[in-house]
Amino acid sequence: MKVAIVTGVLGGIGKESALQLLKNGYAVVGMDVVTPTDLADFEGFDFTYVKGDLASSESRETLVRTACEKGTLSALVNVAGVAPKVRRDILEMTEESYDFVMGINTKGTLFLTQAVANEMCREGAGGSIVNISSCSAYTSSTSRGEYCISKAGVSMITKLFADRLAAEGITVNEICPGIIATGMTATVKEKYDKLIEGGLVPLGRWGQPLDIAKAVVALCDGTFGYTTGQSFILDGGMHIRKL
């Protein structure tokens, strides 16, 4: 049985990624920080939910142990991430906010990837690791600097593990989403609606979790088996520089 771990599994990108992996024959072990009120969308699939905090070593250990009990650990999809609780100018950013964001987005992702990588190496069956980074990894947003820094860190995590694990037959890539309709962006919907209407996104629409999930599956199922250490930008063309 191919087993995939998906963090942030109750959020927009995490949930859709888990569902698409399930539909493609994976057993999925998903983790999130909340007690779920409704897992109906996962009924009929081989889905296991683990409540835990990515910033906690105990939660990470429980997650990996649960996945290994299910079968061969074939994929890790690092989706879980947080934005600052309060957006502040970089000149006013607090250490508390920095530690909160970095502890989950970067440190948590790093050490879960390390734990999964060691297990994949032990199993000797290869595997795929997909990190959900962000266009914020390379785009300045001075009102949420800690988030940008954390996602830039995820980009380097991707390269480091891709380099280290290539000889083990394990691919490590990242997806950099643009403006995606999720709970994280719901609070700034009006702002982004106006920017998209003004031409910020050449394809002229919000990205959807399914747009990202399709790429996740392709990176896990061997479609890009000769690609590692790569960033896949899924932003509707927003990265294009124009005169």
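This is a predicted model: local features need pLDDT of at least 70, side-chain atom pairs count only at pLDDT 80 or more; totals for chains, interfaces and linings use all residues.

Me: What makes the contact between Arg122 and Glu119 a salt bridge?

Reply: A salt bridge is a side-chain nitrogen of Lys or Arg within 4 Å of a carboxyl oxygen of Asp or Glu, and the N to O distance between the side chains of Arg122 and Glu119 is 2.5 Å, so the pair qualifies. Both residues belong to helix α3 (residues 95–123), where, being three residues apart, they are separated by about one helical turn. Helices (H or I, at least four residues) and strands (E, at least two) are DSSP runs, numbered from the N terminus. Arg122 is exposed, with a relative accessible area of 61%, whereas Glu119 is buried.

Me: How many salt bridges does the structure hold, and what does the one between Asp41 and Lys15 tie together?

Reply: The structure holds six salt bridges, one of them joining the side chains of Asp41 and Lys15 at 2.6 Å, N to O. Asp41 lies in the loop between β2 (27–32) and β3 (47–51) and Lys15 in helix α1 (residues 12–23), so this pair ties together parts that are 26 residues apart in sequence. Asp41, with a relative accessible area of 43%, is partly exposed, and Lys15 is also counted as partly exposed, at 26%.

Me: How do you know that Glu174 has no salt bridge?

Reply: Glu174, in strand β6 (residues 170–177), is buried, and the nearest side chain of opposite charge, Lys159, is 4.8 Å away. Lys and Arg count as positive and Asp and Glu as negative, His and the chain ends not being counted; 4.8 Å is not within the limit for a salt bridge, so Glu174 is left without one. The side chain of Glu174 does make a polar contact with the side chain of Ser155, at 3.0 Å. A polar contact is a pair of N or O atoms within 3.5 Å; within protein, one must be able to donate a hydrogen and the other to accept it, and residues adjacent in sequence count only if both atoms are side-chain atoms.

Me: Which residues of the second largest pocket are among its lining, and how do they divide?

Reply: The lining includes Ile179, Trp206, Gly207, Arg205 and Asp211, and its residues divide into seven nonpolar, two polar and three charged. Ala, Val, Leu, Ile, Met, Phe, Trp, Tyr, Cys and Pro count as nonpolar, Asp, Glu, Lys and Arg as charged, and the others, Gly among them, as polar. Asp211 forms a salt bridge with Arg205, the closest N and O atoms being 3.0 Å apart. Asp211 is partly exposed, with a relative accessible area of 27%, and Arg205 is partly exposed as well, with 42%.

Conventions
Residues are numbered from 1 along each chain as its sequence is written. Side-chain values use heavy atoms; hydrogens and water are left out. On a 1 Å grid over the protein atoms alone, a cavity is a set of points where a 1.4 Å probe fits but cannot get out, and a pocket is an open set with protein on both sides within 12 Å along at least five of seven lines; lining residues have an atom within 4 Å of a point. Buried means under 20% relative accessible area, exposed over 50%, partly exposed in between (1.4 Å probe, protein chains only).
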